[in-house]
Amino acid sequence: MVTPKSGPKPAIVWFRRDLRLADNPALAAAARSGAVVPVFILDPADMPGGASAWWLHGSLAALAADLARLGAPLVLRRGDPARLIPAIAREAGARAVFWNRLYDPAIIARDKALKASLAADDFEVESFAASLLAEPWEVRTGGGTPFKVFTPFWRALSARAPLPAPLPAPKRLTGLAGIASENLDTWNLRPARPDWAGGLRAAWTPGEKSAAKRLAAFLDGTVRAYGAARNIPAIDATSRLSPHLHWGEISPRQIGSSAEAAAIAHPEAASGVAAFLRELGWRDFAHHLTFHWPEITTENWKSEFDAFPWAGDEAAFRRWTRGETGYPIVDAGMRELWTTGFMHNRVRMIAASFLVKHLLVDWRRGAAWFEDTLVDADLAVNRTSWQWVAGSGADAAPYFRIFNPVLQGEKFDPEGAYVRAHLPELAALDARYIHKPWAAPSEALAKAGIALGSNYPHPMVDHAKARARALAAYAEIRQSG
Ligand code: FAD
């Protein structure tokens with residue numbers, strides 16, 4: 001056992017998805033109490049998807065460098081946290097264990113059990129609120145029940161007292177030497193052969209500093225046009241903070257308080273800030289729903305969907321994942337996802353709707369693909385969003401509203417700039433046909449170097465027929481329900 005030479009016994013800070021120094025109440029509590037042992041555990045039973053794992057590597061490297069600079073090196077271990085946290089606490093001669101709360105159903109169960117066993121072993125153990133604007137149990141309807149609909153949820157959340165001011169980052173920490181750590185590189189979180197992460201590296205820099213820079217740049221300009229431009233995928237009009245938020249490199253409280261300050265300093269930014277904070281509210285809503293109805297991550301929220309006649313067509317699913325559906329806006333989205341680990345929100349809705357409604361593939365298959373390929377993959381947000389798109393979820397888009405991918409493309413990407421950016425094979429096509437190349441005259445196709453069925457696919461389903469099939473499937477469950 002390693003014991004501190006003098007002073008109070010150390011405290012363990014268990015980092016999870018709060019990979020930051022600032023506004024980190026668990027770290028602040030440990031710093032107040034004396035020597036700090038920061039720990040991150042990679043649990044092989046709870047591995048992130050491929051793109052998320054790539055992000056995690058970068059984020060941990062950044063956090064480890066920051067903690068080392070402050071004097072408390074990060075301890076990395078791989079295994080079951082239920083076993084490792086008490087083991088490290090004993091090894092360090094620690095008195096206390098602190099962490100910030102997460103709300104995924106399996107994590108809540110694990111953390112509750114660990115808290116009880118640490119307390120039984122006489123450790124001081126405390127968890128803190130740090131990942132949401134409000135704890136999922138703090139926002140209630142007038143009748144005291146959780147919310148099922150976003151608008152009143154957001155009204156209640158916004159009406160709460162102003163957010164507490166974010167905590168500053170500690171200036172220095174007292175660490176504890178001699179606690180063994182694994183080497184991050186041996187965790188193989190980054191792909192090696194093949195190295196498919198070039199597009200991710202080009203698009204992103206994980207870490208707390210990068211998150212703060214992104215927020216500052218967004219609030220400095222982009223946010224002013226956010227309300228109008230956030231639905232246009234060709235424009236860099238949104239914050240792109242979602243992966244930073246998922247890994248907790250920045251907190252919603254930090255975002256909220258900086259955004260409110262920006263709106264006061266620049267009144268012309270106020271409406272953009274309000275629209276932006278409302279989107280951040282959707283993130284809280286997803287966690288609120290998941291906390292109160294944990295089955296929402298795996299089961300249809302509306303049980304009539306249990307009888308839905310999914311087609312389960314494997315070949316069709318594969319074409320969708322590769323961005324080879326023949327509908328340019330869908331394919332551009334799927335290629336953006338594959339290359340950069342991100343997809344614009346409007347296109348996520350169109351691509352997800354296409355899978356569920358045009359191809360009749362169960363939303364859970366699409367959700368799992370997103371979880372493997374998104375850098376911002378988040379169980380609660382992803383699963384509730386898929387259910388929302390599928391029509392099976394809380395406060396969901398009605399099932400019978402079936403996006404027409406051509407009209408959606410023409411509305412939100414009128415010149416085809418987004419499609420051209422992600423589908424170079426269509427780059428030279430006249431804007432009139434960019435969202436429906438099959439309707440282009442053969443001269444227009446030839447001029448653009450497109451041979452349908454050869455370098456770009458024919459549409460894999462006919463929209464009108466697919467729509468009719470989806471509506472028939474829906475009618476079937478309504479009758480049986
Ligand atoms: P901004 O527009 O700048 O919004 C700011 C923040 O608000 C985001 O970073 C995000 O945390 C939150 N937010 C924005 N839109 C939503 C939304 N519709 N629902 C919940 N929170 C939102 N987001 C994820 O973070 N992880 C996911 O796994 C995920 N899966 C999705 C799956 C589908 C099918 C759909 C339709 C949406 C999904 N989203 C997911 C929500 C949304 O697409 C992303 O949060 C958003 O595109 C991130 O871009 P941004 O940071 O620039 O967002």
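1. Basis. The structure is a predicted model, in which local features need pLDDT of at least 70, side-chain atom pairs count only at pLDDT 80 or more, and totals for chains, interfaces and linings use all residues. Residues are numbered from 1 along each chain as its sequence is written, and side-chain values use heavy atoms, with hydrogens and water left out.

2. Location of the ligand. The ligand lies between domain 2 (132-165 + 207-292) and domain 3 (303-480), because both give residues to the shell around it. The domain bounds come from an automatic or database domain assignment.

3. The shell. There are 26 residues around the ligand, and Tyr226, Thr238, Ser239, Arg240 and Asn345 come nearest; a residue is near a molecule if one of its heavy atoms lies within 4 Å of it. The shell divides into 14 nonpolar, 6 polar and 6 charged residues, where Ala, Val, Leu, Ile, Met, Phe, Trp, Tyr, Cys and Pro count as nonpolar, Asp, Glu, Lys and Arg as charged, and the others, Gly among them, as polar.

4. Helices. At least two shell residues each are supplied by helices H9 (242-246), H11 (270-292), H14 (345-358) and H16 (379-390). The most comes from H11, with 5 residues. Helices are DSSP runs (H or I, at least four residues), numbered from the N terminus.

5. Atom pairs and cover. A polar side-chain atom of Tyr226 is 2.6 Å from a ligand oxygen atom. A ligand nitrogen atom lies 3.2 Å from a side-chain N or O atom of Glu279, and for Asn382 a polar side-chain atom is 3.1 Å from a nitrogen atom of the ligand. The protein covers 94% of the 830 Å² of accessible area that the ligand has on its own (Shrake-Rupley method, 1.4 Å probe).

6. Backbone. Arg240 has a positive phi, near 55 degrees, although it is not glycine; this residue lies in the loop between helix H8 (226-229) and H9. Pro194 is in the loop between helix H5 (150-158) and helix H6 (198-203).

Notes. A polar contact is a pair of N or O atoms within 3.5 Å; within protein, one must be able to donate a hydrogen and the other to accept it, and residues adjacent in sequence count only if both atoms are side-chain atoms.
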